[in-house]
Amino acid sequence: MTEQFHYKRASISGVVRVPGDKSISHRAIMFASLAYGETVIDHFLHSEDCRRTIEAFKSLGVHISESGNQVKVLGRGVDSFSQPVSALDMGNSGTTTRLMLGILSSLPFKVNLTGDDSLSKRPMGRVINPLTEMGAEFSSLNEENKLPLSVNGGHLQPITYHLPVDSAQVKSSILLAGLLINGTTTVIENNPTRDHTEKMLSAFGGLIEINGQQIKIIGKQTLKSAKITVPGDISSAAFWVAAAVITPGSHLVLEQVGVNPTRMGFVDVLKRMGAKITVTVEHYIGDEPVGTIEASYSELVPTTVTEREIPSMVDEVPLLALVATQSQGEMKINHIKELRYKETDRIEATVNILQNLGATVSSSEDQMVVNGPTDLKGGSVQSKNDHRMAMMAVIASIISDQPVTIDQTDCIKISYPTFFEDLRSIIKENEL
Ligand code: S3P
């Protein structure tokens, strides 16, 4: 669907509780399926991506029932999994695919995986290589190391693996494979990536040893069911934080948001730019900190983003570029090559969107350079069917002078099905 957005002189105010965290929702279904007993998951994110994870486990024979935002999973351990009768459809979900490949590698049967056009272009070699080293067999039915592919698992050996890319999906895939086989599997990361897999394992009674950037998992642990409430997704909250910070007259309160430090890069960088943001940790759900974020309109200056920070804000970099169009001077965002392997090439898509709206932005292989401040004019932009690009463009429309036309806005349901409801509840269209 192509839609036009125009919020002349609007401001952002009010209180929002964003939907459940996508990364945590996926992992809750996975661990609940591997555990024994009934797990109840509240505030689950019912998005297209998380649906892929539910359907994949149902195809493996796991009983999963849903009622509103609550999901119940009747886990009977990995030995109860049966060979799916047809290929598992991963849709658009990189997280489902890469984490599932870790689990499927340990199972003694062959499974076929398919995905949509975007997912079928994304690199799977990053998980196929270590899982092959562990003993799994893959055959790509099309281009090498891309979906559609099949995995033939069983008889895996533990490995020690130094991650060649900063990726929580790769780390989690190996840890999940390691959990299901005999011996100790070790993953070493260069820069810290989101640690929801490690924290979720503890919630299900599992043990994991973390020593700096080295993570060790002992295989064949028996997990027991848990009661999980999924914190609000900081990557969804980030859209409203950005909107509040760049839109004059705004003040916003975001409640019950997951504020795990491995996800806080965007907020930390904005604060260094001078943004008025406060984060209050209120409680923990398992080991996950949860709290309130308040954000107000702010005068901004550019800052330097370090390589170490990028994994903690990897999904928010396009939004950071948008915010940088409103800061005083040149901002270089470096070390962002991984963005080229997301649902679309997010460096190219961000530069195209922001340039079309009138911003001064350029890019090289690993970097974006934004010169601000610029008044965004409005115009027509392409989301490339990427949920985060479409939502970033909607936020840009709030501060654009003229309407912004965005194509393929349907893709927003991949991660944030209630995005427009939440937008309507906080946007105040002031009198002209
Ligand atoms: C995710 C990890 C990140 C992130 C993705 C979700 C996860 O991907 O971009 O949206 O849940 O582990 P990478 O592991 O490719 O960095």
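## The loop between β8 and β9

Asn-145 sits in the loop between β8 and β9. In this predicted model, Asn-145 takes a positive phi of about 60°, although it is not a glycine. How exposed is the residue Asn-145? With a relative accessible area of 24%, Asn-145 counts as partly exposed, because that label covers values between 20% and 50%.

The loop has another backbone feature to look at. Pro-148 also belongs to the stretch between β8 (137–140) and β9 (149–152), and a cis peptide bond links Leu-147 to Pro-148. Omega for this bond is about 0°.

## A positive phi at Lys-220

Now for a visit to another loop. Between β13 (214–218) and β14 (227–229) you will find Lys-220. Its phi is near 60°, a positive value in a residue other than glycine.

Is Lys-220 buried or exposed? Lys-220 has a relative accessible area of 51%, and it is therefore classed as exposed, since the cut-off for that class is over 50%.

Conventions:
Residues are numbered from 1 along each chain as its sequence is written. This is a predicted model: local features need pLDDT of at least 70, side-chain atom pairs count only at pLDDT 80 or more; totals for chains, interfaces and linings use all residues. Side-chain values use heavy atoms; hydrogens and water are left out. Helices (H or I, at least four residues) and strands (E, at least two) are DSSP runs, numbered from the N terminus. Buried means under 20% relative accessible area, exposed over 50%, partly exposed in between (1.4 Å probe, protein chains only).
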